[in-house]
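Here are some notes for a colleague who is meeting this structure for the first time. Please keep the sequence and the model open while reading the points in turn.

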Amino acid sequence: MSDTHDLGSASGRENELATPWGTVILERYPFDAREKLRAWDAADEYLLNTLIEHLPQWIPDNARILVFNDQFGALGISLRKFLPVAMNAWQGEIVSVSDSWIANAGSIENQKRNGLDAETSCSPLELPEGPFDLLLYKLPKNLAYFEDMLQRFRVLLKPGAMVIGAAMVKYLPASVQPMLTAKIGSTSASLAWKKARVLVSQCDTQQPGHSGPAIASYSLPEYELVLRSFSNVFSRQQLDIGTRLFLPVIPQLQHSALSGEPPVIVDLACGNGVVGLVAARRNPTARLILTDESAMAIASAKENFMAYFPEREVSFMQTDALRGVEKASADWVLCNPPFHEQNAVGDHIATRMFRQAKDVLKPGGRFLIVGNRHLGYHLKLKRLFGNVHVEASNQKFVVLCSVKH
Ligand SMILES: C[S@@+](CC[C@H](N)C(=O)[O-])C[C@H]1O[C@@H](n2cnc3c(N)ncnc32)[C@H](O)[C@@H]1O
């Protein structure tokens, strides 16, 4: 495909997933030639190898297959590329479901790298119509989310459908197998291979599934708010302790420092929107922009805003950090940065967010963040903005502010 070159691909690093059928090129998103992490892991390989051993028994000719929580397309792309060859003009359908904008964007670029037409994943809140013959999944870290989705997938699966998942052993708690047995049906776990396991279930439980998504909530009487969240939202049952230190520091602005117009406040990585809601209450004329890469987070934030500020001018963007937000447009960017993304832990995501925050701030605009003390965010901010000061702190967290000059 001609856009392979434009999309970028690695040199001197492994970006080819070798399956028994052939090779798939996979990069993480956003593409970075210096990136050391691969876009797949041994659990993806183990799942694909197990499927191949069970062809055509598990995947009939015209099977409809659901793929849940695929990371950058390792599963979906391999199946779309090779099933029609391996099974002699296979005529089935593959539908992917993912909460993550990043995983979806990575998968779209990887589909193009592999010469496929790019198909977008469905949101976990807008599932396709059933019935499906097979559900494949990469186990998500958040087990409440997994349980919620199993109950909702259950009603989309044919009786007797196979449900095959994989996880690295370090991300596979003992509670997963009983959960699968209760929600789907009899489940067995494979032996470990390269520190990964495959879980094989058959849809034979008599338990009914659920068609609506699970919602958790907590109340914040001091801010007169009740926050509702879908299952894959950060800190959905109680206010995060870093956010608790952050909320009182959220500023009250009369006007934009520059233009005298109503201020523009961005809640970057908004989760259920708690930071944006407190900013909206404290700044009745402000225009708000809320971003998060999770579909469930954006949907929760939208519902929470509709409950308290149905008339306010608010933009909700499911995106990577501040991608799509106009440069030099914001008076304040508020953020409790994430510490992991697609199972990759580290401060690279926060660093990306800091750079983008500087870009979207007006000159004179301010970036306010909360972080764990040990992460050393003050050094990064000082380097980037040339200034940083402490707005609040306790033993574990610190709220830092930098001004864009
Ligand atoms: C620590 S939580 C903060 C949530 C909320 N602001 C709060 O304080 O409760 C970080 C959020 O970052 C989101 N996130 C992770 N990676 C992201 C990315 N690349 N772009 C945008 N949001 C991201 C997660 O979905 C999560 O909602």
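The points below take up a helix, a strand residue and several salt bridges of this predicted model.

1. Helix α3 covers residues 74-86, and its 13 residues, at 1.5 Å a residue, should span 18 Å; the end C-alpha atoms are 17 Å apart, which agrees with that expectation. Along its course α3 bends by about 30° at R80, and a proline, P84, follows within four residues.

2. Which residues of α3 are buried? They are A74, L75, G76, I77, S78, L79, R80, F82 and L83, so that R80, where the helix bends by about 30°, is among the buried ones. Just after α3, N88 takes a positive phi of about 55°.

3. S201 belongs to strand β8, which runs over residues 196-202, and it counts as buried because its relative accessibility is 1%, under the 20% cut-off. The side chain of S201 makes a polar contact with the side chain of T187 at 2.9 Å. Leaving aside residues up to four places away in sequence, S201 touches A161, M162, V163, L180, I184, G185, S186 and T187.

4. Turning to charged pairs, side chains of opposite charge can pair when their charged atoms come close. The structure holds 15 salt bridges, and one of them joins R38 to E14, with the closest N and O atoms 3.5 Å apart. This pair links distant parts of the chain, 24 residues apart, with R38 in the loop between β2 and α2 and E14 in the loop between α1 and β1. R38 counts as partly exposed at 28% relative accessibility, and E14 counts as partly exposed at 44%. A network of salt bridges links E14, R38, E45 and K194.

5. A salt bridge also forms between the side chains of E147 and K183, at 3.5 Å from N to O. It links distant parts of the chain, since E147 sits in helix α5 (residues 143-154) and K183 in helix α6 (residues 176-183), 36 residues apart.

6. Finally, the side chains of R244 and E222 meet in a salt bridge, at 3.0 Å from N to O. R244 lies in helix α7 (residues 241-246) and E222 in the loop between β9 and β10, so the pair links parts of the chain that are distant, 22 residues apart. R244 is partly exposed, with a relative accessible area of 42%, and E222 is partly exposed as well, with 49%.

Terms used
Residues numbered from 1 in each chain as written. Predicted model: local features only at pLDDT ≥ 70, side-chain atom pairs only at ≥ 80, totals over all residues. Heavy atoms only, no water. Helix = DSSP H or I, 4+ residues; strand = E, 2+ residues; numbered from the N terminus. Buried < 20%, exposed > 50% of the residue type's maximum accessible area, 1.4 Å probe, protein only. Polar contact = N/O pair within 3.5 Å; in protein donor to acceptor, adjacent residues only side chain to side chain. Contact = heavy atoms within 4.5 Å. Expected span 1.5 Å × (residues − 1). Bend = angle between axes of the 7 residues up to and from the residue. Salt bridge = Lys/Arg side-chain N within 4 Å of Asp/Glu carboxyl O.
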